[in-house]
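Let's take a walk through this one together. Have the viewer open and follow along as we go.

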Amino acid sequence: MEANSVEGCCRGRLHWLVAGTQILGLASVIMTGVWLGHYQGGFAWDGTANQFNVHPLCMVIGMVFLYGDAILVYRTLRNEGKTTLKVIHAFIHLIALVAVIVGVVAVFDFHAANNIPDLYSLHSWCGLSIIILFCLQWVMGLAFFLFPGVTYSLRAIYYPFHVYFGLALFILSIGTCLIGITEKLFFSVRDTYSKFDPQGILANTLGLVLVCFGLLVTYILTRNEWKRSASPEEEALSLHFKTLTEEGSPGPVPSQ
């Protein structure tokens, strides 16, 4: 009885914390839209600065909000089957990838239309590196965990790297967003930034919201009591899969 009470309390806290991530994530998207829509002229696809505004909005949606939701799937949908969770996880990442591609095309097209050099800033170096690694991470995840034919031992070897780089890229994405926000502010309100310009205050607050979102997602992911446990049926299927692919004795099953 006591164990069930403790487990229920832990799940209750998890639900509240996950709700907190959604509030912070949606707030970051809305604040980005308000900042760029109200202070930076809005959004367009015409080669002007309004087209550039598409870039930060897509990056916050794709590389922060959707990315965070994708890696929380294994904590929030605890009663779903493992295969279903893998598909949802990969699909949310795919939507994030589409948003990222739109954002990248927007900024490169804007630079080309205005004869602005590409890839000269720290923000662009970090951003492009993270996007390339994100694409590789997504493809490798599909290859190892969703496509048939990969042996159990290879999955077990790659699994810790997949988890590590997934979380690392999420954290780096938020850091790169912070660099981008600061860069945009210095281009836009350099002379009034130190005088607590309203635009600067809004953008700085957005940065803090992004940090809080990242911290809360990371906290949820690193708590052992909220890790999803494989069902007896999944354990049996995993052990059977290992026996079929390797003809060896079953071992522990990786769990997210």
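Start with the cysteines: searching the whole structure turns up 0 disulfides. As a reminder, a disulfide is a covalent bond between the sulfur atoms of two cysteines. Two cysteines are still worth a click. Cys 126 has a relative accessible area of 26%, so it is partly exposed, falling between the 20% and 50% cut-offs. Cys 177 sits at 11%, and because that is under 20%, it counts as buried.

Now zoom out. This is a predicted model, and the chain comes with a mean pLDDT of 89, with 86% of its residues at 70 or more. One stretch to treat with care is residues 248-253, where pLDDT stays under 50. The model does give that stretch 14 contacts beyond four places in sequence. Still, where pLDDT is low, the predicted coordinates should not be read in detail.

As for the fold, the chain has 8 helices and 0 strands, so reading along the sequence simply gives α-α-α-α-α-α-α-α. Of the 256 residues in the chain, 43% are buried. Look at how the chain meets itself, too: among contacts between residues at least 6 apart in sequence, 74% join residues at least 24 apart.

Is Ser 229 buried or exposed? With a relative accessible area of 59%, Ser 229 is over the 50% mark and therefore exposed.

Next, the empty space. Rolling a probe the size of a water molecule over the atoms shows where such space is left. Turn to the second largest pocket, which has a volume of about 790 Å³. Helices giving two or more residues to its lining are α1 (2-39), α2 (49-52), α3 (54-76), α4 (82-113), α5 (122-146) and α6 (152-189). Which of these elements gives the largest share of the lining? That would be α6, with 8 residues.

In total, 35 residues line the second largest pocket, and those lying nearest its centre are Phe 52, His 55, Val 107, His 123 and Glu 183. Sorted by class, the lining has 21 nonpolar residues, 11 polar ones and 3 charged ones.

Terms used. Residues numbered from 1 in each chain as written. Predicted model: local features only at pLDDT ≥ 70, side-chain atom pairs only at ≥ 80, totals over all residues. Heavy atoms only, no water. 1 Å grid on protein atoms, 1.4 Å probe; cavity = no way out; pocket = protein on both sides within 12 Å on 5 of 7 lines; lining within 4 Å. Points joined across faces, edges and corners; volume = space filled by probe spheres on them. Helix = DSSP H or I, 4+ residues; strand = E, 2+ residues; numbered from the N terminus. Nonpolar A, V, L, I, M, F, W, Y, C, P; charged D, E, K, R; others polar. Buried < 20%, exposed > 50% of the residue type's maximum accessible area, 1.4 Å probe, protein only. Disulfide = S-S within 2.5 Å. pLDDT = per-residue confidence, 0-100. Contact = heavy atoms within 4.5 Å.
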